[in-house]
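Open the model in your viewer and keep the sequence alongside.

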Amino acid sequence: MKYEIKCVGVLTSGGDAPGMNAAIRAVTRTAIFNGIRVKAIYRGYKGLITNEIVEFQTQNVSNIIQQGGTILKTARCMEFMTPEGRKLAYENMRNAEIDALVVIGGDGTFTGARIFAQEFNVPIIGLPGTIDNDLSGTDTTIGYDTALNTIIQSVDKIRDTATSHERLFFIEVMGRDAGFLALNSALASGAEAAIIPERETQVDQLEELIRNGFRKSKNSSIVIVAESEITGGANGLAKRMREEHPEYDVRVTILGHIQRGGSPTAQDRILASRMGVAAIDALMDEQRSIMIGVVNDEIVHVPFTKAIKDDKPVNAGLLGVLQILSI
Ligand code: ATP
């Protein structure tokens with residue numbers, strides 16, 4: 001070990017995602033395996049400011065790999081966005097003898113981490129924990145696969161009732177301004193279309209897609225809509241359809257927070273475990289201000305500045321696949 005880190009702090013921040021617990025477990029056990037103490041920080045950056053810091057042993061993370069949510073709780077913390085708040089966070093961190101941090105969260109979490117690391121020269125490694133899959137430099141994020149599976153289970157159920165009543169369903173899924181969940185859940189559930197923010201023109205094509213569907217005597221249509229101002233959300237699209245086509249029996253389902261919950265899939269548990277180990281390895285290897293990612297099944301190191309760049313492309317070819325398969 002080149003740079004000696006004696007104690008690492010771990011926290012979860014921003015929106016919770018299934019698999020965060022598997023990541024906490026992996027970070028804790030890998031650190032202890034390497035002779036590094038672990039301090040768990042509760043409620044994200046808020047816990048650093050309010051001093052909710054507890055030392056963890058290996059048994060503190062027993063029996064959590066299968067649990068959704070995060071045992072460390074999470075929070076959105078406005079105070080950490082101020083220099084005074086971050087100064088307090090740093091002082092508490094030093095008083096707790098924490099030398100480095102592993103932060104598990106999304107782009108906001110990494111934005112805060114980058115600023116904090118720069119201001120106080122703190123070694124910080126990030127793990128991508130978000131169901132939205134909207135971080136650049138990694139093929140997938142912790143929680144995304146579980147959310148995708150939760151969505152398709154719900155869509156399968158809605159399909160049963162949609163078919164019975166010959167209805168047009170708009171189902172809204174999460175993703176913030178990214179269409180990964182909408183596009184891939186549409187493919188996996190056999191939906192007629194996906195409306196995603198990355199393809200604004202689709203909203204104009206929607207009518208055609210649906211008309212084709214009904215003309216071909218399908219007795220129901222399901223359109224997955226990504227939550228976003230750009231798409232107008234499921235309610236926005238349904239309103240338009242009702243006005244323009246009163247003949248359709250239009251229904252809306254907003255899946256909401258059900259998408260965040262549940263036991264993580266095998267894929268998310270494995271991803272979180274690998275990334276947790278890689279985070280401690282990276283710290284011991286003197287890596288700083290990077291997110292752990294996975295590209296082509298290999299662990300990669302992504303600078304925070306790149307991870308939070310809002311440019312992760314959806315695979316546009318998948319829209320074509322969806323269109324072919326929905327005839
Ligand atoms: P998700 O993608 O699930 O929403 P996230 O990490 O993007 O997760 P945010 O609420 O955006 O969630 O950010 C989490 C926390 O990171 C914020 O509550 C705040 O404490 C901190 N943070 C975000 N942006 C900044 C910033 N510009 N400066 C300092 N801290 C920040």
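A polar contact here is a pair of N or O atoms within 3.5 Å. The model is predicted, and every distance below is computed from it.

Select the ligand and G15 first. A polar backbone atom of G15 is 3.2 Å from an oxygen atom of the ligand, which falls inside that cut-off. Then show the side chain of R176, where an N or O atom is 3.0 Å from an oxygen atom of the ligand. On its own the ligand has 620 Å² of accessible area, and the protein covers 87% of it.

Now display the pocket surface. The ligand sits in the largest pocket. Select the shell of 18 residues around the ligand; R76, C77, D107, G108 and T109 come nearest. Colour the shell by residue class to see 5 nonpolar, 9 polar and 4 charged residues.

Which helix gives the most to the shell around the ligand? Select residues 107–120: this is helix α4, which contributes 6 residues.

Stay on helix α4 and turn to the aromatic rings. The model has 6 aromatic pairs. One of them joins F80 and F116, with 5.2 Å between the centres and 55° between the planes, a tilted arrangement. F116 belongs to helix α4, while F80 is in the loop between β3 (53–56) and α3 (83–95). The two residues are 36 apart in the chain, and their pair links distant parts of it.

How values were computed:
Residues are numbered from 1 along each chain as its sequence is written. This is a predicted model: local features need pLDDT of at least 70, side-chain atom pairs count only at pLDDT 80 or more; totals for chains, interfaces and linings use all residues. Side-chain values use heavy atoms; hydrogens and water are left out. A residue is near a molecule or strand if one of its heavy atoms lies within 4 Å of it. A polar contact is a pair of N or O atoms within 3.5 Å; within protein, one must be able to donate a hydrogen and the other to accept it, and residues adjacent in sequence count only if both atoms are side-chain atoms. Accessible areas come from the Shrake-Rupley method with a 1.4 Å probe; for residues, only the protein chains shown count as cover. On a 1 Å grid over the protein atoms alone, a cavity is a set of points where a 1.4 Å probe fits but cannot get out, and a pocket is an open set with protein on both sides within 12 Å along at least five of seven lines; lining residues have an atom within 4 Å of a point. A molecule sits in a cavity or pocket if more than half of its atoms lie within 2 Å of its grid points. Helices (H or I, at least four residues) and strands (E, at least two) are DSSP runs, numbered from the N terminus. Ala, Val, Leu, Ile, Met, Phe, Trp, Tyr, Cys and Pro count as nonpolar, Asp, Glu, Lys and Arg as charged, and the others, Gly among them, as polar. Rings of Phe, Tyr and Trp (its six-membered ring) pair if their centres lie within 6.5 Å; planes under 30 degrees apart count as stacked, over 60 as edge-to-face and the rest as tilted.
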